Amino acid sequence: MPDVVHQFSIRASAQKVFQSIAMPAGLDAWWTKRSSGRPEVGGTYRLSFGPGHEWSAMVTRAVRDAEFEMELVEAHDDWRGTRVGFVLDEDEGITRVRFHHAGWRGPNEHYRVSCFCWAMYLRLLKRYVERGEVVPYEERLNA
């Protein structure tokens, strides 16, 4: 099974990055249109990407300021059962982010498009955490 993996640094504390990847207000600033949930193992997140794209995920890992992962339960067929996660390591105010979107059934077209889209969204995460920049939802893949 292929996985999407990215590694990059953000000039901010792991606490600030964790808030941006695990709390709804953070997710809504760079990824989702609207979300809800709490970073607790077994908890459910609602992830809205607009009409026809109301998804849900179950938290599979949550270590405050260090790790966050959720498994997509209700989603596009290709995403259902996959896991989106982050591992954070902070050193002197710079946080290394190791991202994965694991468990894809194969390298189909949706997987290849998602590889590109994740790179774009993670760039927006970095801009949001470092500069407070929030790109309107409809413009995110063109920003």
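**Charges, fold and two residues**

Biologist: How far apart do the centres of the positive and negative side chains lie?
Modeller: In this predicted model, the protein carries 19 positive and 20 negative side chains. The centres of the two sets lie apart by 2 Å.

Biologist: Which pattern does the protein follow along the sequence?
Modeller: There are 3 helices and 7 strands in the protein. Read along the sequence, they give β-α-α-β-β-β-β-β-β-α.

Biologist: What radius of gyration does the protein have?
Modeller: The C-alpha atoms fill a box of roughly 40 × 30 × 25 Å along the principal axes. For 143 residues, a compact globule would have a radius of gyration near 15 Å. The protein agrees with that, at 14 Å.

Biologist: Does Ser-20 count as buried or exposed?
Modeller: Ser-20 sits in helix H1, residues 14-22. Beyond four places away in sequence, Ser-20 touches residues including Trp-30, Leu-125 and Tyr-128. Buried means under 20% relative accessible area. Ser-20 has 5% relative accessibility, so Ser-20 counts as buried.

Biologist: Does Val-41 count as buried or exposed?
Modeller: Val-41 is in the loop between strand S2 (34-36) and strand S3 (44-48). Exposed means over 50% relative accessible area. Val-41 has 59% relative accessibility, so Val-41 counts as exposed.

Biologist: How far apart in space are Val-41 and Thr-60, C-alpha to C-alpha?
Modeller: Val-41 touches Val-59, Thr-60, Arg-61 and Ala-62, leaving aside residues up to four places away in sequence. Val-41 and Thr-60 are 19 residues apart in sequence. In space, their C-alpha atoms are apart by 5.3 Å.

Conventions:
Residues numbered from 1 in each chain as written. Predicted model: local features only at pLDDT ≥ 70, side-chain atom pairs only at ≥ 80, totals over all residues. Heavy atoms only, no water. Helix = DSSP H or I, 4+ residues; strand = E, 2+ residues; numbered from the N terminus. Buried < 20%, exposed > 50% of the residue type's maximum accessible area, 1.4 Å probe, protein only. Contact = heavy atoms within 4.5 Å. Rg over C-alpha atoms; globule rule 2.2 N^0.38 Å. Lys, Arg positive; Asp, Glu negative; His and termini not counted. Charge placed at Lys NZ, Arg CZ, Asp CG, Glu CD.
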